[in-house]
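Grab a pencil and work through these exercises with the model on screen. Each task comes with a solution you can follow step by step.

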Amino acid sequence: DFGFKLEERQAAERPSPRLLNRGAGRQPRSELINTNEQVLAQRAEAEIGDYKIRNCCTYAEARNAVRIARPELFGLEKK
């Protein structure tokens, strides 16, 4: 007996309630995004990482620079 009362021990042994928002109707986020967007996102992340290493800057600075230089990777039109 570790200081628990019988009622507390029985409450802990009961299964937890089923989560209702985890049903089969929900799709993972990866299935909701089309493959073209995934490819663009991967390319953008790769370029951000390269820029960050080359210029010794923060992620935010690298992302802004890549976004200005390559807006098509972010779904924006180049001006």
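**Exercise 1.** Find where Cys 56 sits, then decide whether Cys 56 is buried or exposed.

*Solution.* Start with the place: Cys 56 belongs to the loop between α3 and α4. Helices here are DSSP runs of H or I with at least four residues, strands are runs of E with at least two, and both are numbered from the N terminus. Next, the cover: Cys 56 has a relative accessible area of 72%, so it counts as exposed. The cut-offs are under 20% for buried, over 50% for exposed and partly exposed in between, using a 1.4 Å probe and protein chains only. Last, the backbone: Cys 56 is not a glycine, yet its phi is positive, about 50°. For background, most residues other than glycine have a negative phi.

Before you go on, note that this is a predicted model, where local features need pLDDT of at least 70 and side-chain atom pairs count only at pLDDT 80 or more, while totals for chains, interfaces and linings use all residues. Residues are numbered from 1 along each chain as its sequence is written, and side-chain values use heavy atoms, with hydrogens and water left out.

**Exercise 2.** Work out how α3 and α4 pack, and which residues make the contact.

*Solution.* Take the geometry to begin with: helix α3 (residues 35–55) packs against helix α4 (residues 59–69) at an angle of about 120°, and their axes are 8 Å apart. Axes are lines fitted to C-alpha atoms, for helices over the stretch in contact, and angles run from 0 to 180 degrees between N-to-C directions. That angle makes α3 oblique to α4; under 35 degrees would be roughly parallel, over 145 roughly antiparallel, 65 to 115 roughly perpendicular, and the rest is oblique.

Now list the residues. From α3 come Glu 45, Glu 47, Ile 48, Tyr 51 and Lys 52, and from α4 come Tyr 59, Glu 61, Ala 62, Arg 63, Ala 65 and Val 66. Contact means heavy atoms within 4.5 Å.

**Exercise 3.** Look at the segment after α4 and say how Gly 75 and Leu 76 are placed.

*Solution.* Gly 75 lies in that segment and, at 66% relative accessibility, is exposed. Leaving aside residues up to four places away in sequence, Leu 76 touches Arg 67 and Pro 71.
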